[in-house]
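Dear colleague,

Please find below the structure that I am handing over to you. My notes on it come after the model.

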Amino acid sequence: MHRVGSAGNNTNSNRPRKEKRLTCVLNDTADTKHCAGINCLALLKSSTSDGSDYLFTGSRDGTLKRWALGENTATCSATFESHVDWVNDTVIAGDNALVSCSSDTTLKMWNCLSDGTCTRTFSQHSDYVTCLAAAEKNANVVASGGLGGEVFVWDIEAAVTPVSKSSDVVENDCSNGINGSTNSLQMSSLQTISSSNSIRTHTTQCHGYVPIAAKGHKESVYALAMNDSGSLLVSGGTEKVVRVWDPRTGSKNMKLRGHTDNIRALLLDSTGRYCLSGSSDSMIRLWDLGQQRCVHSYAVHTDSVWALASTPAFSHVYSGGRDLSLYLTDLTTRESLLLCTKEQPILQLALHDDSIWVATTDSSVSRWPAEGRNPQNVFQRGGSFLAGNLSFSRARVSLEGSTPAPVYKESNFTIPGTPAIAQHEILNNRRHVLTKDAAGSVKLWEITKGVVIEDYGQVSFDEKKEELFEMVSIPAWFTVDTRLGSLSVHLDTPQCFAAEMYSADLNISGKPEDDKVNLARETLKGLLDHWLSKRRERHGSQASANGDILSGKDMAARSSAHSRIEVDGNAENDSMVYPPFEFSTVSPPSIITEGSQGGPWRKKITELDATEDEKDFPSWVLDCVLNNRLPPREHAKCSFYLHPCEGSAVQILTQGKLSAPRILRMHKVVNYVIEKLVLDKPIDSVSTDGTYAPGLGGQSQSGSKPWQKLRPSIEILCNNQVLSPDMSLATVRAYSDSKQVIILTSGTRLAF
């Protein structure tokens, strides 16, 4: 299971509180494909003969998608985006409720036929939520399990109430220290089941619905299954046992032993009499719950079994896993058949009439023939073998080279995905990231615009990285990971505000070339441009409806009451988004962040509608984009000394230490030397009192760069190598051996 750091803060910690971060998730394709492995599948059959069936896919990219299925077509009709980490499982409860769980520790509810808006978020789990189970004939019951060893049984009807705003509502669990929404649900009893099987009922002191807790697991839970009526629940995980529960009370019925490794997949027949389990010990076991024992073992796979799907009559089972193979096994005769092999491990299966959908660690989903209505037809093709009852029997057969040939060589239909990013490198200019995806394609991304600016195809990643190397030094103002299959760019305060560039270096027209541009601030303005526009419209319409405009005093009071989110005059005058920071609206990025209430959330930047407020964004983000306030920054300047070269007749220019911005270019230093030595003009660029005058080397009247108009006799050296006039002080310091930059002059020549 992929584990990442929690997006939230530990409110019980004595350490200084860490500010919430803002993450930008980039993509370069239309929002109709997954870009990471598919963890889960769910099918919704049409209630009419002429209607479309729907396939729901949940991915490691953090989204779910709904596919309208035709005979040989699959159209993405909706993307469900709200989870901030992997989607691990999804089930359909009743006719139109879709429930998903994620590594972000939440469950989310959606309307199956909606446009993808999340209707409710539940934060009861303390760790990754790995699995779900639903009762087919009891639409109200859904169970969830996770790495924290917790199993909860949810009454969906009791848990759901109308939501008053479009953003997610998060349920509150006081025992987990999770802050809930003010939109609370009715009070409910919490039934706590101790390991001794005793049940005590008490009323929770925090607002909101609380599910039934089935306590007994001491370790992680990986698999759940429930019978059709919702009267029986089975669970399994790292404890290697199958636990059987009464989900109506949370009491334990029995514990079944037999597997020698983690249990990864479970199935129950419609009556709850028989249970199938798949394990990392490579075995499939059939349990008779009435007799409380294992009645059959099937040694079919040569590695971990991760996915199971049975025929409606529970007479045959389809199984897949880490060995890349999909098998069909007759549970009565023990006859088994290799249907197909994949290039990646199989994570989930979904039987659909006479076909079966197969999800793997790849971002695509394929459909294979399965003869689900009459599986005996497949066995008539020949090539079957008798499944052994010991795991080493299949391993021995595999070593002997007698692995059966697959019945099917190719799938009959595939829903393609986008290859996940497998490798990345942040380049020295701190604006570009080089990536390589699972298909071997190398691309260059511009972070401040969220787009691919160059697709190099299948070339050497290391060679391209060397080719793009620049000798520049810019502070690291963002971090990147690819755990969602795409680039996730993380901004953390105050370090994200450390990088600045001159407007001339960013080719921003209409702005003085010596103006310093903070990369994080302009990136945030670009990301939230749509939100800011909607916010201005919203506030303008509210002012018009009230018939008046707030006075300065009233605005100040309102700003104080709303966590400093009102726009001041300076911010309003600098609200323009410059071209190097304009994000695409065709393939818009998503932002993941967290405010003072609720919890982490995720939305596309074009779907922000200004209902998000100071409770939804980190305060430092609002201070930046609304109030033009940045946190104090350190090490913004670079110190150096100016001395003549050895043997030079030129007198020492100054005895003191000089200080200038880190981004100061060498042509500015050259300009200073010319003014000091050649033109005998006042020093207005660098001062000996540790300050820097911003008027240094202003833009020339002709529009060309100042250093291009200088006399050709001045050069700057570092370690006896001539430096480029465009090189910054920070770059020279970073690539020199000296801790302080020392400038030497010999009349026409300088050295570091």
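This is a predicted model: local features need pLDDT of at least 70, side-chain atom pairs count only at pLDDT 80 or more; totals for chains, interfaces and linings use all residues.

Residues are numbered from 1 along each chain as its sequence is written, and side-chain values use heavy atoms, with hydrogens and water left out.

Five strands form an open sheet in the order E24-E25-E26-E27-E31, with antiparallel pairing. Strands (E, at least two residues) and helices (H or I, at least four) are DSSP runs numbered from the N terminus, and two strands pair if DSSP finds at least two bridges between them. E24 (305-310) and E31 (385-386) each have a single partner strand, so one side of each lacks a neighbour in the sheet. E24 is joined to E25 (residues 316-321) by 5 bridges; Val-305 has Gly-321 in E25 as its bridge partner.

In helix H9 (residues 619-627), 8 of the 9 residues are buried, among them Trp-620 and Leu-626. Buried means under 20% relative accessible area, exposed over 50%, and partly exposed in between (1.4 Å probe, protein chains only). After H9 comes Asn-628, with a positive phi near 60°.

Helix H4 (residues 461-467) includes Asp-462, which is partly exposed at a relative accessible area of 43%.

Kind regards
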